[in-house]
Amino acid sequence: MHKSMLATLLIFLLISPGSAQMDEYTRKSITFLDAVILASSSSRDMSKRQVDHTSAELKRMLQLERFDYNPISTNSKLMSNFNHQVRNSRDLSMSALAVILNKTFVAEIVKIMDENAEIRARELVDETARMSFVTTKAKDLGITAENLEKVLNSGYIYLPFINGFAESMEAKKEDDVMKYTSSVSISGGILWFKIDYLDGSTSVRPLLAKETSSTGFAQKRNAREANWDAFTAAADNYARNLEVATKEIEDFKLKTQVVEVTGSKIGFNMGRKEGIHIDDRFILGETVMGSDGQLSFKKDGFARVLTVGDNNINPGAISYGYGVIVGDWAPGMSLTEYPTLPLDIYGMLGVMPLSTDETGVELVSHFALGAEMAYNIGQLVNSSHWYLTLGASLGDAQMTEDAETLYGSIVYSDMSVMKRFQFLRLDAYAKGGFTYMATSLTDDRIVDEEEERTYTYTAETIGAVFGAGVNLTLSIDWAIGLRYAYYMGNSETWTVKDDDDTDYDDMILNTSHTGESIMFQLVFTPKALGFNPVSALGNLSP
Amino acid sequence: MTRLLKSVLILSLLWSSALLAQNSNLPISREALFVESSGPSEVVILSTGFGIHTPKHWFDKPDQSELTEGAKLDARRSAVWFILLGGSDPLLTTSEEKSKFSGVQESFFAADNIQKYIVWESDRFEERVKLDDGNKLRIKRVMRLNKRLIQEDLEKMGVMSAKAGLAASLGLPNIMVLPEAPKGKNPIDLLRNDVTLKKGAEVIESYLTSRRYDVLAPEQSEGLNELVSASKSLKDVEEDATYLLALSVGADIYITYNISTESRKVGSTTVKKAAVAVRAFETTTARLLGTETGYSRERPSMDAMVIEEGINDAIEKVLARITAYWKEDLSRGVQYKVIVSVSTAYDLEDAENVLFKLTDALEEMSNTSKEILLTDYTLDYLIWANPEKYQKSSDIYRALKKTIDRALPDGKVKRVSMNRKLIVLKIDME
């Protein structure tokens, strides 16, 4: 029963509509307007600085190599005319905005595209056309009217919008210092419009909207600084989510054919010009004709990018990928981009080390839960599967001395460099880095008949961690595995505080965080994040 | 038990026939499409190939690389097959050629042999579809083939008559190329004054010379009037200057063409498209041998380029038809057009007698003949003479003169005009 359900599910997942004609990505001409549509009353509370930052960050994140850009000057009359019309428009629906765009920008955008049409059309001259009489004998560029029309029909405009904005601030005095904790949430997205060109006439039509939301946190001594840092964390993460969402749009997905297959290694004709990055994911598949004559696209595993060919210099440069879930691959199969954020999230469950060599005292941890984020730095180091990881584990802690037992928790937080070695679905990794280790125990004591006090004992230390693990890839964005880590760190003293944060003399007791950790892990590669843990971590240290 | 044996036998037969089919070198798909003629010797073909899985045992599953390699090879074979036997203008046209080729086709379609005709093939597939539960793969791929090399190999193998052989027995067809001229206009003047038409002639002549045809350049039209006045039958066509020019220079075939270009704007770029109609005629009869219109793609390029692209698209097919015609004509002998006008000094009865004697003589000296026109005083005849007996037109003239001199002691044969295709005579009373 389970098997048949699984098979049905797999068939459903693997087969989606397709066509026999080989699909290839062609460059698009993108126009970005320096305007953010504030589509709700809450978003209109944003300051000009906040709106400008959001717009600039979006512009930065959406400067994808796969696009050509048509610059529209921020201070142009067209821009102010557009802003004026948007401000005075009661209807901010996509179709209403398309009408405004038609009135204001389209002619100018098409003019820019037209000026660059021949240069951009050269990119569309394919291998077959390059081998034809016109290029080989007549020494022509091989451009056709079809190429030019394709260029003039490759125009898109995007317009960011914000339809939700909320910010909060909390002030708290700690150790005589005022600390401000700010939280900012943004929700919104991008409106995409398509420019159509037909026999000299142009028009804009609404294409689709991509939405996301993001939150940022910051704790600072200065309220304004806390608010700004929380806002920028939210806005930057918001822009990054929209970058992935943009890559997910069918028209913008990178698609090509596999030209070489050697074992589980593939070669394909895309590279730096299209903005391919090391470890990017691509789905492989092929068109299948069923017994009813219907065509469908059958996925057959996925590969990740190993090396990126520089096709800016050599147009024939080939990029190579390594198969992770490897099907029966052959040249000519389709390769379709699967955009994700360049990071993996690890969820972990297992045990962490905790002990003491004090006679008569037992200090242990039984279980721990952890989360880790592995940022892919492969592009930075120009080698596949290098990661910078940030993780934290929380577990229980228990100290028994004579008949008395205290309970508490442990926190291990580490920053490491990790290298993975992929072999088909299996990967092994090794990592090493620094770790912050803390154990905290609480002791509820009756001071007198009417008062009960809770004392907190904390042992902290900084140490090192080395580890290794193995994962099994389940699907393009899920994997499971086991990790082993060896932590090194000892503490001799415990700080003691009560409910009122009153410090007492340190307690001398050896605490060893040195030892082994074994954890089961689940790995997920997201397309969007609600907040950026790294910036949150940075912003929470005043 | 008997039933079981029968089943096993049938299965074994099916199995072995499938294996035999797989082992054959002949193409499976035989689907291809002519894309362009990229020069006088090369053509670009979009070809379909099938890769078929042949299980070696019951549990043998299809292998992608086996299917892909099989499909790529079949696409190459189908492209070569298309040049040889497919489409509207194949290389092998006569039943004799086809029959000879069937004897060598297995070795001809061997993977190593056909590979030498593939000048280039695209890295990418235009189409790739899995069929029959993954047991079959269909691909479409663009490739460039050396058509001339295929032809030369077939000539060496004796499948096709070598051009050299033709030349020895009949001579290569002499072809004249001229633009279509409106009534009253001289095509030579058009050629001299119109750069576009001049370019068109150059491209066609380049094709012809590279295929080793003899190209006649009609640089002057003097003598045409003399030719026309010599024959009453030619008066009907005296406005067709191209036909007359071809006759006057002795071309076996003449090719006419017209060129039209159109332009439009895509954005601010002007794109041009050329349409070129090419027609080939048998000179002696003005019979249309082949006509084809070629189109260029719309390009932001100079006129000359789109014109050449348009001509490339048309000329290949027209030349194939000329070759087919020439092969057929070769089997009948050397063709001559003979026009004889009898002096009106003869009365009707005598003139008729003269003409009868002439037709008898022509029938006798030709393998085949065809009467075009017979009036009271004029005779227009096509004859196909044995090239071993009559190697040139003067041999025909000499034989005719001898016959007439014998039959008409009071008549005198006068040669009005004569070239390798046309003999115009006049019989006067002495």
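Figure 1. Opposite A:Thr287 stands B:Val129, a residue of strand 4 of chain B. The model shown here and in the other views is predicted. Strands of a sheet pair through backbone hydrogen bonds, either parallel or antiparallel.

**Figure 2. The side of chain A that touches chain B.** The contact is made by 35 residues from chain A and 36 residues from chain B. On the side of chain A, two or more residues each come from helix 6 (117-122), helix 7 (127-130), helix 8 (133-136) and helix 9 (145-152), and also from strand 8 (255-262) and strand 10 (281-289). By residue class, this side of chain A has 18 nonpolar, nine polar and eight charged residues.

**Figure 3. Overall layout of chain A.** Domain 1 of chain A covers residues 28-251, domain 2 covers 254-337 and domain 3 covers 343-525. The centres of domain 1 and domain 3 of chain A, taken over C-alpha atoms, are 42 Å apart. The C-alpha trace of chain A spans about 95 × 60 × 50 Å along its principal axes. Chain A contains twelve helices and 24 strands. Of its 542 residues, 39% count as buried. Of the contacts in chain A between residues at least 6 apart in sequence, 68% join residues at least 24 apart.

**Figure 4. The largest nonpolar core, around A:Ile157.** This core has 58 residues, and A:Leu101, A:Leu148, A:Ile157 and A:Tyr158 are the ones that touch the most other members. The element that gives the most to the core is helix 10 (residues 223-247) of chain A, with ten residues. Not counting residues up to four places away in sequence, A:Ile157 touches A:Thr31, A:Leu33, A:Leu101, A:Phe105, A:Ile109, A:Phe193, A:Ile195 and A:Val204. Another core, of 41 residues, lies apart from this one, and its members include B:Leu244, B:Ala246, B:Val278 and B:Trp326.

**Figure 5. The loop that holds A:Asn312.** A:Asn312 is located in the loop between strand 11 (295-307) and strand 12 (319-326) of chain A. A:Asn312 counts as exposed because 11 other C-beta atoms lie within 10 Å, and the limit for an exposed residue is 12 or fewer. Leaving aside neighbours within four places in sequence, A:Asn312 is in contact with A:Arg272 and A:Lys273. From A:Asn312 to A:Thr181 the C-alpha to C-alpha distance is 47 Å, with a sequence separation of 131 residues.

Figure 6. Strand 2 (residues 42-52) of chain B is mostly covered, with eleven of its eleven residues buried. In a regular strand the side chains alternate between the two faces of the sheet. One side of strand 2 of chain B carries B:Glu42, B:Val44, B:Leu46, B:Thr48, B:Phe50 and B:Ile52, the other B:Val43, B:Ile45, B:Ser47, B:Gly49 and B:Gly51, and both faces are covered. Strand 1 (residues 32-37) of chain B runs antiparallel to strand 2 of chain B and is joined to it by five bridges. These two strands form a hairpin with four residues between them, and B:Ala32 stands opposite B:Ser47. Strand 2 of chain B also runs antiparallel to strand 5 (residues 136-146) of chain B, through eleven bridges. In that pairing B:Glu42 has B:Asn146 as its bridge partner.

**Figure 7. The five-stranded open sheet of chain B.** The strands of this open sheet follow the order 12-13-11-15-14, with mixed pairing. From one strand to the next the twist averages 25°. Seven bridges link strand 14 of chain B to strand 15 (residues 422-429) of chain B in the antiparallel sense. B:Val413 has B:Ile427, in strand 15 of chain B, as its bridge partner. Helix 14 (residues 393-407) of chain B packs on the sheet, where it touches strand 11 (334-342), strand 13 (378-385), strand 14 and strand 15 of chain B. The directions of helix 14 and strand 14 of chain B make an angle of about 165°.

**Figure 8. Overall make-up of chain B.** Chain B has 14 helices and 15 strands. Of its 430 residues, 41% count as buried. Among contacts in chain B between residues at least 6 apart in sequence, those joining residues at least 24 apart make up 65%.

Notes: Residues numbered from 1 in each chain as written. Chains lettered and ligands numbered in written order. Predicted model: local features only at pLDDT ≥ 70, side-chain atom pairs only at ≥ 80, totals over all residues. Domains from an automatic or database assignment. Pairing = 2+ DSSP bridges. Axes fitted to C-alpha atoms, helices over the stretch in contact; angles between N-to-C directions. Contact = placed C-beta atoms within 7 Å. Nonpolar A, V, L, I, M, F, W, Y, C, P; charged D, E, K, R; others polar. Buried ≥ 20, exposed ≤ 12 C-beta atoms within 10 Å, placed from the backbone. Core = buried A, V, L, I, M, F, W, Y, C linked by C-beta atoms within 7 Å.
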